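Have the structure open beside you as you read.

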Amino acid sequence: MIDQLLEYDTELFLFLNNLGSPTWDTLWLMITNKWIFGSLLGVFLLFMFYKKFGLKAVLLLMLVAALMITFTDQITNVFKRGFERPRPCGEDDLINQMRFIAVRCGKYGFFSGHSSNSMAVAIFGGLLLKSYYRRLIYVLILISLIVAYSRIYVGVHYPLDLVCGLTFGAFSGFIFYKLANYLLNRYIKS
C-alpha cells in the first residue's frame, strides 16, 4: 500500500516537474527563494498588522510569528531526520528523468519546510486580518500553494512532501493565531 502510494507520488512529481521550461526557471527560482519571496510577504503582513493593530501589537505579533516559524522549521527537521526520505534530486534513478534547477539538493525531503512555513504564515496572517480583509486569507493560501509548487518545479520535493507540509503548516498557523489572539486581547487591547 505505502509502496504504491510512493510510486504514484513519484509519477505525479515527474509529470509536474517536467511541465517546466527554461523560460520560467528564473521566476520559479525567485518564488522558491525564502529570502526574496518570504521577505516580501513578511513586510506586507507587518505593514498590514501595523496599519490595523499599531506598533505594540506588531512587536507582539513579530515575536509570535518568529516562534511559529521556529516551531514549524524544527518539527519539519524532526520529520526529515525521522523518515529519511531522499529528495527526488537525490535519487540516482530519477535525476535523468527530471528537471533539477535548484541551487542545491539537500538530503531529506519529507516534509517540506517551505510548504509548512508558508501555509503557517498564510493562516496566521489571514485569520488575524480576517475581520478587516475577508478575502485576504484566500490570497495568502494561494501564495502558499504557489510556493509549495515551486518546490516540485525546482526538483527538490515530491507532492506528498508538500501536502503534509501544507497540512502541518495550516495546523501550526491556526494554533499560533489562537496564541496571538489571546496575547493581543490580554496585553494590548485591554
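Arg99 has a relative accessible area of 16% and so counts as buried, where buried means under 20% relative accessible area, exposed means over 50%, and partly exposed is in between (1.4 Å probe, protein chains only). Before going further, please keep in mind that this is a predicted model, in which local features need pLDDT of at least 70, side-chain atom pairs count only at pLDDT 80 or more, and totals for chains, interfaces and linings use all residues. Residues are numbered from 1 along each chain as its sequence is written, and side-chain values use heavy atoms, with hydrogens and water left out.

**Salt bridges**

What does Arg99 pair with? Its salt-bridge partner is Asp25, and the closest N and O atoms are 2.8 Å apart. A salt bridge here is a side-chain nitrogen of Lys or Arg within 4 Å of a carboxyl oxygen of Asp or Glu. Arg99 sits in the loop between α4 and α5 while Asp25 belongs to helix α2, so this pair ties together parts that are 74 residues apart in sequence. The helix names follow DSSP runs numbered from the N terminus (helices are H or I, at least four residues; strands are E, at least two). Asp25 is buried too, with a relative accessible area of 12%.

The structure holds 3 salt bridges, listed here:

| Salt bridge | Closest N and O atoms |
|---|---|
| Arg99 and Asp25 | 2.8 Å |
| Asp9 and Arg85 | 2.9 Å |
| Arg85 and Asp161 | 3.2 Å |

Arg85 forms a salt bridge with Asp161. That pair links distant parts of the chain, with Arg85 in the loop between α4 and α5 and Asp161 in helix α7, 76 residues apart. Through shared partners, salt bridges join Asp9, Arg85 and Asp161 into one network. Asp9 forms its salt bridge with Arg85. This pair also links distant parts of the chain, since Asp9 is in helix α1 and Arg85 is in the loop between α4 and α5, 76 residues apart.

**Pockets**

Rolling a probe the size of a water molecule over the atoms shows where empty space is left. On a 1 Å grid over the protein atoms alone, a pocket is an open set of points where a 1.4 Å probe fits, with protein on both sides within 12 Å along at least five of seven lines, and lining residues have an atom within 4 Å of a point. A volume is the space filled by probe spheres set on the points, which are joined across faces, edges and corners.

The largest pocket has about 1400 Å³ of space. Its lining has 49 residues, and Lys34, Trp35, Asp73, His114 and Asn117 lie nearest its centre. Helices α2 (22–32), α3, α4, α5 (113–128) and α6 (136–153) each supply at least two lining residues, with the largest share, 11 residues, coming from α4. By class, this lining divides into 27 nonpolar, 14 polar and 8 charged residues; Ala, Val, Leu, Ile, Met, Phe, Trp, Tyr, Cys and Pro count as nonpolar, Asp, Glu, Lys and Arg as charged, and the others, Gly among them, as polar.

The second largest pocket has about 270 Å³ of space. Of its 14 lining residues, Leu6, Thr10, Arg85, Tyr158 and Leu160 are the closest to its centre. Both α1 (2–17) and α7 (159–188) supply at least two residues of this lining, and α1 gives the most, with 4 residues. The classes here are 10 nonpolar, 1 polar and 3 charged.

**A nonpolar patch**

On the surface, Leu46, Tyr50, Leu55, Leu59 and Met62 form a nonpolar patch with about 490 Å² of accessible area together. Patch residues have over 30% relative accessible area and no salt bridge; like charges are joined within 9 Å, and nonpolar side chains (Val, Leu, Ile, Met, Phe, Trp, Tyr) within 5 Å. Accessible areas come from the Shrake-Rupley method with a 1.4 Å probe, and for residues only the protein chains shown count as cover. Helices α3 (37–53) and α4 (55–83) each supply at least two patch residues, and α4 provides the largest share, 3 residues. Met62 lies in helix α4 and is partly exposed at 39% relative accessible area.
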